[in-house]
Amino acid sequence: MKNTILLILLSTLLSCVTIKVETPILSDVEKSLYYLASDELEGRKTGTDGIEKAAVFIENIFKENKIKPYFKTYRDSFNLKEIIGYNIVGYLEGTDKNLKNEFVILGAHYDHIGKAKEVNGDVIANGANDDASGTVAVLEWAKYFSKANNNKRSILFTLYDAEEMGLKGSEHLAKKLKAAHLNIYTMINFEMIGVARATGETMAYITGYEMSNMAEKLNTYANNEIIGFLPQAKTYNLFKRSDNYPFYNEFKIPAQAISTFDFTNFEYYHHVDDEADKMDLKHMTNFINKMIPALQGMINAPTKEITIINE
Ligand SMILES: [Zn+2]
């Protein structure tokens with residue numbers, strides 16, 4: 001009898017102990033960012049040897065972290081005249097037998113523009129903020145969620161090629177998944193998260209703010225006011241200017257971009273000085289970590305709580 005009670009007590013105790021999953025750390029963020037934005041990758045222009053190195057780097061991180069290829073390989077390839085582009089698509093199956101049929105897509109573009117106007121002999125546009133920063137964030141979440149193993153919905157970790165050529169990679173993947181009737185709940189694209197906003201501002205903002213309750217819900221899940229509204233995002237219609245847009249266009253789901261670039265905190269957009277050493281690694285790591293409970297809440301919500309607001 002005593003043994004039974006002891007056994008029950010012990011098993012109750014064990015079930016209460018949650019294994020702590022390592023959260024993203026600065027040195028990992030730094031390592032990936034410095035590689036992706038290095039001169040060796042020559043500005044990651046679509047169709048070059050430089051972007052090929054970036055693609056292999058991303059595939060290796062997926063492999064090492066048990067993220068599976070969603071298609072036959074990690075590559076979703078497409079043609080742009082004589083050039084071949086590759087989106088890299090990793091898959092983490094949901095843990096809930098019903099909710100796993102619904103997908104959350106997290107993405108960023110890993111391509112950049114290659115070269116830009118020479119400054120002091122430098123012609124390589126390294127694209128650290130645009131968008132190695134978003135790429136690193138998606139890779140860190142892939143590592144985290146793979147270890148945590150508590151994503152009820154399935155997740156696609158998507159790194160796009162040819163964004164800089166007019167959202168060609170994301171358009172290709174969105175059309176392909178639409179043809180396959182994939183049940184996508186939400187898509188979030190991360191663009192330029194490498195520099196912090198001024199104190200007093202929300203850490204990040206979302207494009208297409210008023211078209212859904214996504215910002216409000218993510219903040220609720222995080223129990224933290226991380227994401228706000230940026231007037232310039234609306235003025236310049238940033239919602240339509242990055243890889244989330246093709247997903248909205250095809251699926252009419254909440255598909256939006258989150259960024260911490262606010263037109264006042266970074267002067268090197270498409271400039272050779274968009275380099276790794278201009279990035280605020282502390283801010284990046286902080287942002288990546290703060291977003292985890294927000295993403296977790298979205299991925300595990302019992303129903304599709306984030307919805308388009310029809311006016
Ligand atoms: Zn970009």
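The model is predicted: local features need pLDDT of at least 70, side-chain atom pairs count only at pLDDT 80 or more, and totals for chains, interfaces and linings use all residues. Residue numbers run from 1 along each chain as its sequence is written.

Now select Val 29, Ser 32, Leu 33 and Leu 36. These residues of helix 2 (26-36) are buried, with 20 or more other C-beta atoms within 10 Å. Look down the helix axis: the buried residues fall within an arc of 100 degrees, so they line one face. The arc is that of the directions from the helix axis to the C-beta atoms.

What do they pack against? Show helix 3 (49-64), helix 4 and helix 9 (281-300).

Next, Leu 33 again, with Ile 58 and Val 138. These have the most contacts inside the largest nonpolar core, which has 83 residues. Such a core is a set of buried Ala, Val, Leu, Ile, Met, Phe, Trp, Tyr and Cys residues joined through C-beta atoms within 7 Å. Colour helix 4 (128-148): its 9 residues are the largest share of this core.

Centre on Ile 58. Beyond neighbours within four places in sequence, Ile 58 is in contact (C-beta atoms within 7 Å) with Ile 88, Tyr 110, Leu 139 and Leu 159.

Zoom out. Of the 311 residues of the chain, 48% count as buried.

Methods: Buried ≥ 20, exposed ≤ 12 C-beta atoms within 10 Å, placed from the backbone. Helix = DSSP H or I, 4+ residues; strand = E, 2+ residues; numbered from the N terminus. Contact = placed C-beta atoms within 7 Å.
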